[in-house]
Amino acid sequence: MDLLTDILVQAGLRRRLIGLRELPAATTLRFPCEKSIGFHVVVSGRCYVHSGGEVLALRAGDVALMARGQDHRLSTVEKLSRRALELHEWTVLLRALEAGAAASVVSGAYQLWHTPVHPLFQELPDWYLLRAEAEGKLTPLSLAIDLLAQETKRPDLGSQTVVNSLLDVIFSFILRRIVAESSANKQGFGQAVRDAQVRRVLELMHEDCARPWTLVELAKQTGVSRTGLAERFRSAMGDTPLNYLRSLRIQAAMRLLCETEQSLEQVAGAIGYSDAFSFSKVFKRSVGMAPREFRQKNSQERAHTFRFRESPSVGGASG
């Protein structure tokens with residue numbers, strides 16, 4: 001069971017290649033990223049990320065990944081002195097570009113239109129920096145970054161597919177790195193997947209979240225006592241198995257409400273609830289609105305300018 005892919009698919013992740021940006025000197029681009037996780041790969045030159053009061057300096061080969069909601073600016077200057085260009089102005093800028101670029105950057109955005117309830121997303125740092133000099137030359141991640149740089153500089157047949165695939169590879173590798181590093185110093189998903197028996201419990205629940213799992217049954221499936229599993233799971237995850245199961249079910253329900261026309265009774269049954277009433281109570285407590293209201297809001301927002309559509313995502317889902 002690929003836990004990370006399942007988490008991303010159930011959260012409704014959608015990908016968009018922002019593209020290769022050749023940035024002339026003293027240029028600033030604004031990335032309004034309220035609902036997206038994203039990253040910038042610096043292909044050449046030097047640039048700066050401005051996020052709140054923080055300034056991150058990036059050089060060729062560096063990657064900066066941001067958590068959902070990090071509205072920021074990308075600039076070729078350390079101190080902002082001019083208005084940032086909005087999305088609709090970028091094409092005009094690039095067409096008018098005559099001088100050589102000060103930096104080249106490939107950017108990708110991974111949108112989560114609805115705030116996800118899976119704990120992994122709350123554990124992501126606001127910014128995660130991968131430095132080229134620290135990564136080395138022959139790791140899988142550095143090789144993927146080099147391939148991306150080559151493909152964007154010298155596009156050929158199938159380049160769009162290659163670039164999109166490489167973005168997914170880089171994104172997945174970075175998430176894997178974040179999960180591994182977070183396991184060293186705090187409770188959460190990262191620690192949970194390091195423990196073989198706790199990870200098996202996660203896999204069982206991800207494989208069939210609608211099954212009426214009990215702590216006794218999960219303990220039996222993993223070969224530990226009920227008490228031992230409860231203590232082990234809480235020590236690693238910082239929560240109980242059944243609370244985690246509830247998050248999985250609600251995340252799955254959010255996807256079904258957005259992507260299907262199933263009735264509330266059908267959605268409730270598909271994720272393991274006996275009736276729509278009990279499902280609705282749990283859903284509202286977790287999401288902040290009733291399932292019908294959530295579905296209606298989603299329908300109203302389908303045509304929103306910044307909502308990604310018709311775009312493949314990590315794990316193979318489509319927008």
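Predicted model: local features only at pLDDT ≥ 70, side-chain atom pairs only at ≥ 80, totals over all residues.
1. Ser75 belongs to strand S6, which covers residues 72–75. Ser75 has a relative accessible area of 0% and is therefore buried, the cut-off being under 20%. Beyond its neighbours within four places in sequence, Ser75 touches Thr27, Thr28, Cys47, Tyr48, His50 and Leu80. A polar atom of the Ser75 side chain is 3.0 Å from the backbone nitrogen of Val77.

2. Thr139 is found in the loop that runs between helix H4 (132–135) and helix H5 (140–153). Its relative accessible area is 24%, so Thr139 counts as partly exposed. The side chain of Thr139 makes a polar contact of 2.6 Å with the side chain of Glu135.

3. There are seven aromatic pairs in the structure. One of them joins Phe39 and Tyr110: the ring centres are 6.1 Å apart and the planes meet at 15 degrees, so the pair is stacked. Phe39 is in strand S3 (residues 36–51) and Tyr110 is in strand S7 (residues 103–111), so this pair ties together parts 71 residues apart in sequence. Phe39 is buried, at a relative accessible area of 1%, and Tyr110 is buried as well, at 0%.

4. An aromatic cluster is formed by Tyr273, Phe279, Phe283 and Phe294.

5. Lys35 lies over the face of Trp113, 4.9 Å from the ring centre. Arg211 has its charged end over the ring of Trp213, at 4.2 Å from the centre of that ring.

Technical notes
Residues numbered from 1 in each chain as written. Heavy atoms only, no water. Helix = DSSP H or I, 4+ residues; strand = E, 2+ residues; numbered from the N terminus. Buried < 20%, exposed > 50% of the residue type's maximum accessible area, 1.4 Å probe, protein only. Polar contact = N/O pair within 3.5 Å; in protein donor to acceptor, adjacent residues only side chain to side chain. Contact = heavy atoms within 4.5 Å. Phe/Tyr/Trp six-rings, centres within 6.5 Å; stacked < 30°, edge-to-face > 60°. Lys NZ or Arg CZ within 6 Å of the ring centre and 35° of its normal.
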